[in-house]
Amino acid sequence: MAGLELLSDQGYRVDGRRAGELRKIQARMGVFAQADGSAYIEQGNTKALAVVYGPHEIRGSRARALPDRALVNCQYSSATFSTGERKRRPHGDRKSCEMGLQLRQTFEAAILTQLHPRSQIDIYVQVLQADGGTYAACVNAATLAVLDAGVPMRDFVCACSAGFVDSTALADLSHVEEAAGGPQLALALLPASGQIALLEMDARLHEDHLESVLEAAARAARDVHTLLDRVVRQHVREASVLLGD
Amino acid sequence: MAMEMRLPVARKPLSESVGRDTKKHLVVPGDTITTDTGFMRGHGTYMGEEKLIASVAGSVERVNKLICVKALKTRYNGEVGDIVVGRITERRRSAEDELAMRGFLQEVDLISAEVQAVFSDGAVSLHTRSLKYGKLGQGVLVQVSPSLVKRQKTHFHDLPCGASVILGNNGFIWIYPTPEHKEEDAGGFTANLEPVSLADREVISRLRNCIVLLVTQRVMLYDTSILYCYEASLPHQIKDLLKPEIMEEVVMETRQRLLEQEG
């Protein structure tokens with residue numbers, strides 16, 4: 001059977017990348033004027049949009065307010081046209097809830113919530129085109145949006161996915177590579193300190209290989225950080241108030 | 001009836017040519033600002049491992065021993081003595097409250113007030129103790145980012161062009177016709193509901209468009225910048241002021257005058 005060769009003998013992947021190479025990343029901050037913060041990111045063919053509102057007063061039940069820190073509320077949604085086949089995804093289905101929960105755990109680790117007690121920070125992420133690495137694209141877009149909103153964060157949160165094929169660790173998997181069924185890992189990192197915000201894997205991987213896959217993901221996340229750092233600095237420079245006091 | 005339509009066009013990056021000479025120190029979260037432990041940390045920074053690290057993306061401001069990072073745009077943080085303009089959305093319901101305040105200030109009223117105290121969780125308490133503050137009558141409200149309102153000694157300005165403006169620190173700007181008699185300030189507890197003349201309305205509309213123009217080009221808002229922008233916009237029609245090419249022209253002239261005035 002002519003299977004799809006994920007890694008050729010010369011070390012090239014399906015889309016011509018090398019094992020540790022990332023896809024092309026393009027990002028923009030401040031795409032929505034109405035929101036407090038917003039950002040759009042493209043990682044190869046994966047496109048994600050993130051919008052942040054807050055910190056603001058808790059909507060709904062006041063009882064949920066935490067007396068010493070802010071509540072982080074993340075919602076993930078995937079457009080019907082994001083995958084190869086048009087598929088209606090109702091709000092509140094299992095995948096959206098799980099992604100929302102993972103995003104919340106990631107950002108609770110990075111946002112300095114103690115500075116805004118009794119308030120709420122909303123992060124809404126929407127995937128417009130899914131070609132693998134959707135969690136990573138969501139985290140990267142949300143980081144930029146949170147920065148755009150001026151919410152204090154410990155550090156950037158940079159995420160990347162990684163897999164393992166033919167004894168080689170691959171970084172930044174595309175949809176074809178994810179669908180092949182091998183082990184895949186998603187890592188969200190705080191680059192300056194090297195601390196891990198979230199590490200997720202639900203496949204079988206021999207523990208001997210874990211180190212190399214983790215290393216590949218961490219290196220890729222740091223590369224993502226270099227790119228996002230450049231985007232943010234450019235944005236800050238452009239948008240600095242030209243006539244101040 | 002003639003109609004004008006425009007298609008969306010890519011935004012042009014703001015030109016840096018009219019920037020100041022002093023290069024600002026721009027940081028992003030995770031950047032080390034300094035390893036000197038002698039400094040006090042202000043907003044936008046946190047202490048980690050003997051280093052002062054930035055927590056927002058913006059420019060570093062140093063005042064003697066205090067270092068803080070001013071983010072590009074933030075939600076408004078109350079400080080004692082700030083002037084704010086806002087709409088009453090909810091009231092405490094208690095017996096004394098009913099008797100005392102409800103006669104004067106209802107829900108949905110637009111008021112100006114001063115920040116009296118800031119609680120530890122960020123909530124502010126306002127007071128309208130002098131007749132300068134209180135209910136606002138007829139006028140136009142413009143909402144801008146709080147970071148664009150310059151801190152000054154007074155936020156109530158009577159502009160020579162024929163209208164008055166209140167620059168709320170929370171980003172809410174109120175433009176209203178200058179009251180004829182000096183005693184009736186925009187405040188107190190009764191709203192002035194007399195009809196506003198056409199000339200006054202035109203001045204107010206032009207001022208509103210000027211403020212929106214300045215905000216789009218990220219120019220700080222204070223009485224002088226608004227006045228210069230108003231004067232630079234006079235050759236154009238009010239409805240043309242929000243077109244991109246006219247915006248650039250007017251802002252360039254405004255910036256020029258402001259630079260001349262400073263230098």
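This is a predicted model: local features need pLDDT of at least 70, side-chain atom pairs count only at pLDDT 80 or more; totals for chains, interfaces and linings use all residues.

Guide: Two strands are said to pair here if DSSP finds at least two bridges between them.

Four strands of chain B form an open sheet in the order 12-15-14-13, with antiparallel pairing. Its edges are strand 12 (140–143) and strand 13 (156–158) of chain B, each of which pairs on one side only. From one strand to the next, the twist averages 20 degrees.

Within strand 15 of chain B, the residue opposite B:Val140 is B:Ile175. Strands of a sheet pair through backbone hydrogen bonds, either parallel or antiparallel.

A helix accompanies the sheet. Helix 2 (residues 198–216) of chain B lies across strand 12, strand 14 (163–167) and strand 15 of chain B. Relative to strand 15 of chain B, this helix runs at about 160 degrees.

Strand 8 (residues 184–190) and strand 9 (residues 195–201) of chain A pair over six bridges, and A:Leu187 has A:Leu199 in strand 9 of chain A as its bridge partner. Strand 8 and strand 9 of chain A form a hairpin with four residues between them. In the turn, A:Gly194 has a positive phi of about 75 degrees.

The two chains also meet each other. Contact involves 38 residues of chain A and 36 residues of chain B. The size of an interface is often given as the accessible area lost when the parts come together; here chain A and chain B bury about 3200 Å² between them, with 56% of it on carbon and sulfur atoms.

Three salt bridges are found across the interface of chain A and chain B. In a salt bridge between B:Lys73 and A:Asp148, the side chains meet at 3.4 Å, N to O. Seven residue pairs are in polar contact across the interface of chain A and chain B, both residues being at pLDDT 80 or more. On the side of chain A that touches chain B, the elements giving two or more residues are strand 3 (46–57), helix 2 (134–149) and helix 4 (207–239) of chain A. Helix 4 of chain A gives the most, with eight residues. By class, this side of chain A has 18 nonpolar, eight polar and twelve charged residues.

Note on methods:
Residues are numbered from 1 along each chain as its sequence is written. Chains are lettered from A and ligands numbered from 1 in the order in which they are written. Side-chain values use heavy atoms; hydrogens and water are left out. Contact means heavy atoms within 4.5 Å. Buried area is the accessible area (1.4 Å probe) that two parts lose on being put together, summed over both. A salt bridge is a side-chain nitrogen of Lys or Arg within 4 Å of a carboxyl oxygen of Asp or Glu. A polar contact is a pair of N or O atoms within 3.5 Å; within protein, one must be able to donate a hydrogen and the other to accept it, and residues adjacent in sequence count only if both atoms are side-chain atoms. Ala, Val, Leu, Ile, Met, Phe, Trp, Tyr, Cys and Pro count as nonpolar, Asp, Glu, Lys and Arg as charged, and the others, Gly among them, as polar. Axes are lines fitted to C-alpha atoms, for helices over the stretch in contact, and angles run from 0 to 180 degrees between N-to-C directions.
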